[in-house]
Amino acid sequence: MSAGVVIAGGGLAGQRCAEALRRGGYDGPVRIVCGEDAPPYDRPPLSKGALAGTQEAAGLRLRDDRWYAEHDVELVLGRRAAGLDPAARRVQLAGGQELPYEHLVVATGATPRSLPGLERHAGALALRDVGDALALRGRLAPGARLVVVGGGFIGLEVAATATALGAEVTVLEATGAPLSGPLGGAAGARFAALHRRRGVRLETGVRIARAIGTRTIRGVALADGRRVPADVLLVAVGAAPDTRWLAPAGLPPDGVPVDGGGRTGVPAVLAAGDAARPRDPRTGALRRSEHWDAAVRSGAAAARTILGLPEPPEVPAFFWSDQHGVRIQLVGEPHGADRTTTDGDPHSDAYATTYWRGDRPVAVLLVGRPHGLAGARRLIAGTTTHTDPERQAA
């Protein structure tokens with residue numbers, strides 16, 4: 001009997017890979033190895049609905065028990081992939097069990113980064129799984145002082161949700177503006193203004209020296225000597241790919257390079273989702289994406305490779321975020337853009353910014369304009385003609 005497909009990782013990319021395999025007619029064994037005790041579930045709501053208490057943990061599941069039974073997909077719960085023997089085609093699990101495979105899909109996701117001085121503090125919370133969301137939710141009583149270290153998407157989403165719950169929120173960001181890395185300084189300044197209008201205290205250009213308190217958080221000390229009081233501390237400074245377990249097999253520990261079909265440099269081993277580092281077809285750079293849409297597409301692409309199908313056509317990158325009731329969407333890749341144009345009032349909650357490289361639009365940021373998504377996708381995909389509208393320069 002064939003050893004079948006082992007999917008290491010119980011997140012969205014792994015789930016979509018299993019679905020695409022069965023939909024494509026694959027009839028061999030399919031096993032999903034989940035490091036958590038829970039079956040695969042959706043993670044974007046962790047910083048929004050699950051944290052707000054409007055979505056129950058059970059409602060986050062990507063598929064119910066009946067789906068796994070009907071599609072003959074085995075869930076190996078509470079067991080984390082810990083090693084790989086590519087010559088023998090076997091995956092070692094934490095605790096000693098080994099699973100043979102015909103094809104292995106590495107979809108182990110990413111783990112939250114910490115900060116020096118905070119990594120050993122029991123009161124410094126992270127947000128990666130449903131348990132983290134429930135633990136944080138339990139501490140966000142009205143009036144609680146929440147300090148969020150990091151002004152990325154997770155940090156800002158949590159700040160927005162916590163503010164709606166009545167918490168007093170402070171966001172501490174090391175750079176000059178939140179989201180300035182992926183979106184640029186001008187866009188970052190606008191998101192800072194959005195949060196400040198909603199009552200979030202947002203400090204930029206600050207560094208954390210240490211946590212104040214022992215078992216109980218009392219606040220954080222900044223490198224400039226100031227102290228920020230806190231009842232709850234969330235560290236949201238990004239995530240690192242959970243691929244160190246692959247290093248002895250010769251794969252990089254900082255994300256696995258893959259082609260458009262998810263193939264790695266190791267025979268019969270593919271990678272998808274946060275664990276993968278695909279090559280940007282436009283720039284040639286290896287760039288990870290931790291967004292929902294990328295996990296869906298890469299999981300399905302790995303399945304197509306296993307099925308012997310051609311790589312899927314390229315589509316523009318896409319992600320979304322919800323902050324203070326404002327839908328934020330990005331189509332394309334702003335990295336390397338040399339200018340922007342903006343349609344609408346950039347100081348309001350509804351506008352669109354187009355990123356240009358020369359005379360080519362490479363990304364569109366939609367803020368409070370969800371109905372503009374289809375047009376933005378056509379524009380970046382090159383299926384519509386375009387001219388520089390000479391809108392208000394950002």
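Modeller: First a term: helices (H or I, at least four residues) and strands (E, at least two) are DSSP runs, numbered from the N terminus. This is a predicted model, so local features need pLDDT of at least 70 and side-chain atom pairs count only at pLDDT 80 or more, while totals for chains, interfaces and linings use all residues. Residues are numbered from 1 along each chain as its sequence is written, and side-chain values use heavy atoms, with hydrogens and water left out.

Biologist: Fine. Which strand is Arg201 in?

Modeller: Arg201 belongs to strand E12, residues 201-204.

Biologist: And how exposed is Arg201?

Modeller: Arg201 is partly exposed, because its relative accessibility is 38%. The classes are buried (under 20% relative accessible area), exposed (over 50%) and partly exposed in between, with a 1.4 Å probe and protein chains only.

Biologist: What is Arg201 in contact with, sequence neighbours aside?

Modeller: Beyond the neighbours within four places in sequence, Arg201 contacts Val169, Thr170, Val171, Arg226 and Val228. Contact means heavy atoms within 4.5 Å. Val147 is 54 residues away from Arg201 along the chain, and their C-alpha atoms are separated by 9.4 Å.

Biologist: Next, helix H4. Which of its residues are buried?

Modeller: In H4, residues 130-137, the buried ones are Val130, Ala133 and Leu136. They sit on the same side of H4, because they cover an arc of only 125° around the axis. That arc is taken from the directions from the helix axis to the C-beta atoms.

Biologist: What covers them?

Modeller: The cover for the buried residues of H4 includes helices H2 (49-52) and H5 (153-164). It also includes strands E9 (124-125), E10 (145-149) and E16 (232-235).

Biologist: Which residue caps the N-terminal end of H4?

Modeller: Asp129 does: one of its side-chain oxygens lies 3.1 Å from the backbone nitrogen of Gly131.

Biologist: Changing topic. Where is Tyr68, and is it buried or exposed?

Modeller: Tyr68 is in helix H3, residues 65-70. Its relative accessibility is 5%, so Tyr68 counts as buried.

Biologist: Which side chain does the Tyr68 side chain make a polar contact with?

Modeller: That of Gln15, at 2.7 Å. A polar contact is a pair of N or O atoms within 3.5 Å; within protein, one must be able to donate a hydrogen and the other to accept it, and residues adjacent in sequence count only if both atoms are side-chain atoms. Leaving out neighbours within four places, Tyr68 also has Ile32, Pro40, Arg61, Arg63, Val73 and Leu75 among its contacts.

Biologist: Now Thr341. Where is that one?

Modeller: Thr341 is in strand E23, residues 339-344. With a relative accessible area of 6%, Thr341 is buried. Its side chain is joined to that of Trp356 by a polar contact of 2.9 Å.

Biologist: What is phi for Leu179?

Modeller: Near 60°, a positive value in a residue other than glycine. Leu179 is in the loop between strand E11 (168-173) and helix H6 (180-183), and counts as buried at 4% relative accessibility. His324 also has a positive phi, about 55°, and is not a glycine. It lies in the loop between strands E21 (318-323) and E22 (326-332).

Biologist: Last one, cavities. How many of 30 Å³ or more does a search find?

Modeller: One, in a search of the whole structure. On a 1 Å grid over the protein atoms alone, a cavity is a set of points where a 1.4 Å probe fits but cannot get out, and lining residues have an atom within 4 Å of a point. Points are joined across faces, edges and corners, and the volume is the space filled by probe spheres set on them.

Biologist: What volume does the largest cavity have, and what lines it?

Modeller: Its volume is about 40 Å³. The lining is Arg190, Leu194, Arg197, Ser348, Asp349, Tyr351 and Val367. Helix H7 (residues 185-197) gives the largest share of that lining, three residues.

Biologist: And Gly368, what does it touch?

Modeller: Apart from residues up to four places away in sequence, Gly368 touches Val326, Arg327, Asp349 and Ala350. The C-alpha atoms of Gly368 and Ser348 are separated by 9.0 Å.

Key: 1 Å grid on protein atoms, 1.4 Å probe; cavity = no way out; pocket = protein on both sides within 12 Å on 5 of 7 lines; lining within 4 Å.
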